[in-house]
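Subject: Structure handover, with notes on helix packing

Hi,

Here is the structure I promised to pass on to you.

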Amino acid sequence: FFFQAEDGIRDVAVTGVQTCALPICEAAVVGKPDEKWGEAPHAFIVLKDGASATPENLREFARERLAHFKTPHSFTFLPELPKTATGKIQKYVLLGGVASAMLLYGLSLLYGVAGSTQYADIAGALSMDTEAVRAPLLLALTLIVCGLGFKVSAVPFHMWAPDAYEGAPMPVTAYLSATSKGATLALFLRWFGGPLLPAIDQWQWMMAIIATLTMVFGNLIALQQHNIKRLLAYSSIAQGGFMLMAVTTVSDVSTSALLVHLGGYVVTNLALFVAIIHFYNRTGKEEVTDFAGLSRTNPYLALVITAGLFSLAGMPLLAGFFTKFILFQAVVEGGFLWLVVVAVVGSTVSLFYYLQVIRQMYIYEPEGDPTRWRLSATGYLATFVLLALIVFVGVYGGPLYTVADRAAYALFAAG
């Protein structure tokens with residue numbers, strides 16, 4: 001059950017149940033951005049299984065929970081989640097369950113083929129003649145690729161990403177776009193550059209096809225987006241396609257290049273999302289057209305967003321240019337020049353939809369209040385550090401490359 005108070009509040013914390021006569025299992029007060037009030041308090045209540053309570057009792061309970069924030073004028077009673085939020089949650093849970101089942105079934109088949117769960121034993125088994133177990137091995141590799149493809153939001157397993165990005169709070173979206181993708185790609189490298197490397201002829205073509213589809217569809221669908229979170233979701237999908245090229249040509253060189261690109265991508269994405277979070281906290285809006293005139297109301301924030309978008313597109317003097325150059329060079333050395341051609345065309349296409357956001361910020365006049373506003377001290381600190389890292393990696397990426405090269409060497413030495 002949800003109650004929305006018709007009164008605004010800025011500092012909203014989570015609080016639990018202390019004493020209550022109602023059969024309540026869980027309760028919390030959470031802040032939700034509201035266009036009218038800035039941030040409105042919501043009471044979230046979960047009843048025990050089989051229990052019931054009247055709306056009047058629940059309203060009274062919610063009023064008590066919100067009393068130490070501000071005295072609410074009235075409450076709106078919502079017996080269930082909004083339909084859009086419910087659909088997004090159900091889609092993610094359903095697809096996530098299917099992907100996890102595929103991954104686990106693939107690993108069980110791999111165990112049946114290799115007879116062990118140890119990396120060295122699996123590599124040894126796959127190094128021998130596998131013709132007798134070709135079918136189960138191919139099925140196992142297909143299921144593993146599909147399961148991990150969901151985690152990295154690769155096409156055609158990407159359906160959850162745009163809805164999850166749009167429905168989740170901005171900090172969660174930033175986490176999903178950066179750390180989640182990085183962890184999955186690290187697992188790709190550990191498995192496909194280690195125990196599964198002897199079977200590269202069985203899975204390399206799969207990775208090449210998925211990388212191509214991801215780059216093409218991610219960029220093309222992003223062209224049609226009007227919501228900044230959905231646009232960045234499809235941008236993240238396309239960026240994942242670039243990274244999967246390195247998995248296709250997995251070696252110590254391509255692994256090092258992928259780690260370099262991943263480092264630049266994480267820094268760029270975090271800078272971009274931190275800036276957008278500040279914009280959203282100020283305005284409560286997330287449409288691309290809502291960024292109109294940002295260069296006039298907050299020129300510094302517009303600069304950070306512009307640098308992040310240009311870095312994702314691979315413009316010179318920024319992290320994206322240096323890391324993409326290293327990545328594309330490694331893929332060419334791996335014998336997949338045609339994949340790099342697709343990636344270069346995709347990067348060119350991505351520049352168009354990134355420029356749509358930049359055009360809104362610098363060409364159009366602001367809607368509503370045109371007065372300038374400032375970030376908090378921590379906001380300036382976080383965005384400045386991330387912006388400086390974007391420029392530093394773009395101008396002098398040697399230290400990052402050295403660290404990535406050592407990590408790649410350690411990975412293949414261990415594998």
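At what angle do helix α9 (residues 252-283) and helix α12 (residues 319-333) pack, and how far apart are their axes? Please keep in mind that this is a predicted model. In it, the angle between α9 and α12 is about 160°, and the axes lie 8 Å apart. With an angle over 145° counting as roughly antiparallel, α9 is therefore roughly antiparallel to α12. The crossing of these two helices is left-handed.

If you want to select the contact, α9 contributes V253, S254, A257, L258, V260, H261, G264 and T268. From α12 come A319, F322, T323, K324, I326, L327, A330 and E333. Sorted by class, the contact of α9 with α12 holds nine nonpolar, five polar and two charged residues.

The other pair I looked at is helix α6 (residues 170-192) with helix α8 (residues 228-248). Their axes come within 11 Å and cross at roughly 15°. Angles under 35° count as roughly parallel, so α6 and α8 are roughly parallel to each other. Here the crossing is right-handed.

On the α6 side, the residues in contact are M170, T173, S177, K181, L185, F188 and F192. They meet I228, K229, S236, G240, M243, L244 and V247 in α8. This contact of α6 with α8 divides into eight nonpolar, four polar and two charged residues.

Best wishes

Definitions and conventions:
Residues are numbered from 1 along each chain as its sequence is written. This is a predicted model: local features need pLDDT of at least 70, side-chain atom pairs count only at pLDDT 80 or more; totals for chains, interfaces and linings use all residues. Side-chain values use heavy atoms; hydrogens and water are left out. Axes are lines fitted to C-alpha atoms, for helices over the stretch in contact, and angles run from 0 to 180 degrees between N-to-C directions. Helices (H or I, at least four residues) and strands (E, at least two) are DSSP runs, numbered from the N terminus. Angles under 35 degrees count as roughly parallel, over 145 as roughly antiparallel, 65 to 115 as roughly perpendicular and the rest as oblique. A crossing is left-handed if the near helix is turned anticlockwise from the far one by less than a right angle, and right-handed if clockwise. Contact means heavy atoms within 4.5 Å. Ala, Val, Leu, Ile, Met, Phe, Trp, Tyr, Cys and Pro count as nonpolar, Asp, Glu, Lys and Arg as charged, and the others, Gly among them, as polar.
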